[in-house]
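Hi,

Here is the structure I promised to pass on to you. Have a look at it first, and then read on for what I found in it.

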Amino acid sequence: MIEDKQETLARHIEAYIRLEAATCEKMFRQGLGTAIWHDQHGEYCGTVWVRNISSSQIVIAYSSLSPQSSGSGEGQVLLPLERAATNPNYHKPYFLCRDCARRSGQLVLAKEKWACRKCHGFTYRSQRLGPAYRKEQRSEELFELLRPVGGQPSRPRYMRAERFAALVTEYETLRAELREKPRMLPEHSLRLALKPSWRSSSEPWVI
Ligand SMILES: [Zn+2]
């Protein structure tokens, strides 16, 4: 099959510039109000500046340069917040999505609009990947955790013996299953994944 030359827009949330209200607040309070976004190859995709946060709203400025997802554009927006007490000392902020008026922990920038995942019609990447690929991801997670040396997993110091034994079994079962199957790569658009790095609030324009 010949691949379509037209780039199709990603439909999974991880491909987009997105903001979690609680993370914005935490970073802003620490003086790290600038989120610089890069894709999985380290290419620059955009910047979000948290300008101000009050109990009921957050003001951000953004500049986006991600043709396969969030698009190209810039602006400044005021996003309403709602808070819910998770404990007596912390009222966790949530965005109020302007499209559906529902509370959402996270807003996504797409089509020049900040809205919740549902309003944009996005899924999570894992929902769009096949079972073989999810198994591969899980196996990589377990590899990171168990750090096998010469095929022998080692138990992290904090981990209980029973949990370690269960994870080793899971890891070995997955490895055996995956050996039977050729590696399946996800379709091109699914590889796109953007991540922020939070920098100083006074950060001007960084590419
Ligand atoms: Zn919405």
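**The cores**

The largest nonpolar core has 33 residues, and L19, V48, I58, I60, F95 and W114 are those with the most contacts inside it. At least two residues of this core come from each of helix 1 (21-29), strand 2 (34-38), strand 3 (44-53), strand 4 (57-66), strand 5 (71-87), strand 8 (106-110) and strand 9 (113-115). There is also a second, separate core, made of eight residues, with M159, F164, V168 and L174 among them. As you know, nonpolar side chains tend to be buried together in soluble globular proteins.

Leaving out residues up to four places away in sequence, V48 touches I17, L19, G33, T34, A35, W37, I60, A61, Y62 and W114.

Just after helix 1, you will find G31 with a positive phi of about 80°.

The mean pLDDT of the protein chain is 88, with 91% of the residues at 70 or more. The part to treat with care is residues 1-6, where pLDDT stays under 50 and the model has one contact beyond four places in sequence. Where pLDDT is low, the predicted coordinates should not be read in detail.

The protein chain has 207 residues, of which 39% are buried. Five helices and ten strands make up its secondary structure elements. Along the principal axes, the C-alpha atoms fill a box of roughly 55 × 50 × 35 Å. Of the contacts between residues at least 6 apart in sequence, 53% join residues at least 24 apart.

The chain is divided into two domains: domain 1 covers 13-124 + 189-199, and domain 2 covers 130-185. Their C-alpha centres lie 33 Å apart.

**The zinc site**

Which protein atoms hold the zinc ion as donors? They are the SG atoms of C97, C100, C116 and C119, at 2.2 to 2.4 Å from the ion. The spacing of these donor residues in sequence is C-x2-C-x15-C-x2-C. The arrangement is tetrahedral, because the four donor atoms subtend angles of 105 to 114° around the zinc ion, and the cut-off for tetrahedral is that all angles lie between 85 and 135 degrees.

C100, at 25% relative accessibility, counts as partly exposed.

H120 is worth a look while you are in this part of the sequence. H120 sits in helix 2 (residues 117-120) and is buried, with a relative accessible area of 7%. Not counting residues up to four places away in sequence, H120 touches R11, V108, A110, K113, W114 and A115.

**A few single residues**

K111 lies in the loop between strand 8 and strand 9 and is exposed, with a relative accessible area of 60%. R147 is another, with a phi of about 40°. R147 lies in the loop between helix 4 and helix 5 (161-180) and is partly exposed, at a relative accessible area of 46%.

Finally, take E140, which is found in helix 4 (residues 131-146). E140 is partly exposed, with a relative accessible area of 46%. In sequence E140 and R175 are 35 residues apart, while their C-alpha atoms are 9.8 Å apart in space.

Happy to talk any of this over once you have had a look.

Best wishes

Terms used:
Residues numbered from 1 in each chain as written. Heavy atoms only, no water. pLDDT = per-residue confidence, 0-100. Contact = heavy atoms within 4.5 Å. Domains from an automatic or database assignment. Donors = N, O, S within 2.8 Å, 3.2 Å for Na, K, Ca; no water. Tetrahedral: all angles 85-135°; square planar, octahedral: opposite > 155°, others 65-115°. Buried < 20%, exposed > 50% of the residue type's maximum accessible area, 1.4 Å probe, protein only. Core = buried A, V, L, I, M, F, W, Y, C linked by side-chain atoms within 4.5 Å. Helix = DSSP H or I, 4+ residues; strand = E, 2+ residues; numbered from the N terminus.
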